[in-house]
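Q: Can you go through this structure with me? I'd like to start with how the strands pair up.

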Amino acid sequence: MHCSRQGFEVSVKEMDNLLILLAEKRRKMEQEEAERNMQTLTEFLQCLRRNKVAELKEMQADLQYIKGDINSVERHRIELYMARDRFKVPRTVADSPATTKSWSMSIDRNTGATSSSRTAQTGMRMGNFQYTKTDGKVQGSSLSQERKDTHVGLESQLTNQTNLSSTKKKRVHAQFNNLQDCYLQKRRELANHSSRQEDADASIVSREGYNAGLADFQSVLKTFTQYSRMKVIAELRHGDLFYHTANIISSIEFNLDDELFATAGVSKCIKVFNYSSAVNEPVDEPFPVEEMSTRSKLSCLSWNKFSNNLIASSDYDGIVTVWDVSRRQSVVDYEEHEKRVWSVDFSRTEPSMLVSGSDDCKVKIWCMNQETSVLNIDMQANICCVKYNPASSFHVAVGSADHLIHYYDLRKSKQPLHIFSGHNKTVSYVKFLSNEELASASTDNTLRLWDVKSNTPIRTYGGHTNEKNFVGLSVNNGFLACGSETNEVFVYHKAISKPVTWHKFGSTDMEGSDEETGSYFISAVCWKNDSSALLAANSQGTIKVLVLAP
């Protein structure tokens, strides 16, 4: 039998051979596919095993850290308890039951009479416990009452300590995952340090019995659990309550000695207030100690870091001005920018140097001894914020509308030292926590922390709302404060990505405040240096002095 198709004839035998070949080909392909699948599965499982082994090793190492740290903490606790016992006031001889019984027997025998020498001796021993004669009977201030009062006082103290401990536990549990990440990060970093670094940290180990990582985390935990709220200690009204748009305070800054603070905004006026008077004198609208009118709306202020009389301002007309506050007049005006200047900052190391950034996409460096800028950096995006590194007059951080932060060495300004990327929208503020740590704020609802030495991101903070307005950013002693478009002030600790606490304008500890929040937002914040006090202003023109509180 033959089959034919299109001129080809195939016998049944040939057909069978062809089918056999096709079947073998199919089996071979299935075999190869199965082998490939098994190879893929094997590689996946091996990779998973490697990852889990690495995780197990890391977990075992973490458990070793935790075990060792628990032992260290327990030893330290025992030392504290022993030290507390050494400082306890010993019971006096007069307080002992034997002495009290002896006194009672002596009084009974003598019908209330005692020898003068015994009385004198007892007076020395028992302090204010005095005896007097009334109707032939011995009367005295009750020793049992004193003991009862002491017992009540101790109970009250223990209750307060218990409540405080309970509050701290709640704070820890509320942020447990973040605190856990912080602890493990610090412990793992220590394990990766070189022996030279470990030697450098030996002072901490020898002083407290802790390694540096645990000591560092203890400091974070102590600071983090120390505060749970912000307390209002003063509230100031700034401007006309019926025209709140004109009351927006865009900048609020302390001077060198923290004795004065200045405000500026769309009201075209710089007002300088005495901090002590604002806090201690119960006046809603305190009279400024100095006031300077300007031609345009103001965007930013920066006090000179070497003089209490000099302050720089930037405005919507593109002008940077340095003012002599004591004389209420400008020292110099710089008018090179072509558009609105958003930010200005005095150098912390060179008293005559300042930097500005503008919507004209230019960063300019100024020297008060010269009438024109000494350096110009052209960028490709609107400049929203500029800040000198506190340790150098050559290093400047620049935040812009392209979502990036450029970090420059002004001696080689053609290219930035590094470009930090991570924000999804405009970078509105940059502030240095230290010589190596840079904080930034963006209208993407986040703050970020960067290491300018290693050029790496450290942490992202979230909880506040910021999508379109400049809401302020200030840093101090490891804390970051920013505003929110919910008319709230938020405070973060640099080691924790969630807020430590927050305060809503319209809620207050001050009597007689009934502010409606409406559509207002926080527009400026400023820490008082080395203090838990914070100035915060909102778009209605209200300024609050807040302090972190337990």
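Q: What is the bridge partner of L480 in β28?
A: In β28, L480 is bridged to Y492. This is a predicted model, where local features need pLDDT of at least 70, side-chain atom pairs count only at pLDDT 80 or more, and totals for chains, interfaces and linings use all residues. Residues are numbered from 1 along each chain as its sequence is written, and side-chain values use heavy atoms, with hydrogens and water left out.

Q: How many bridges are there between β27 and β28?
A: Five bridges pair β27 (residues 479-483) with β28 (residues 488-493) in the antiparallel sense. Strands (E, at least two residues) and helices (H or I, at least four) are DSSP runs numbered from the N terminus, and two strands pair if DSSP finds at least two bridges between them.

Q: What sheet are they in, and in which order?
A: An open sheet of four strands, ordered β26-β27-β28-β29, with antiparallel pairing. Its edge strands, β26 (473-476) and β29 (499-504), each pair on one side only.

Q: New topic. What about β19 and β20?
A: Strands β19 (residues 395-400) and β20 (residues 405-409) run antiparallel and are joined by five bridges. V398 has H406 as its bridge partner in β20.

Q: And which strands make up the open sheet there?
A: The order is β18-β19-β20-β21, and the pairing is antiparallel. The edge strands are β18 (383-388) and β21 (418-420).

Q: Last one: where is L19 found?
A: L19 is in helix α1 (residues 12-86).
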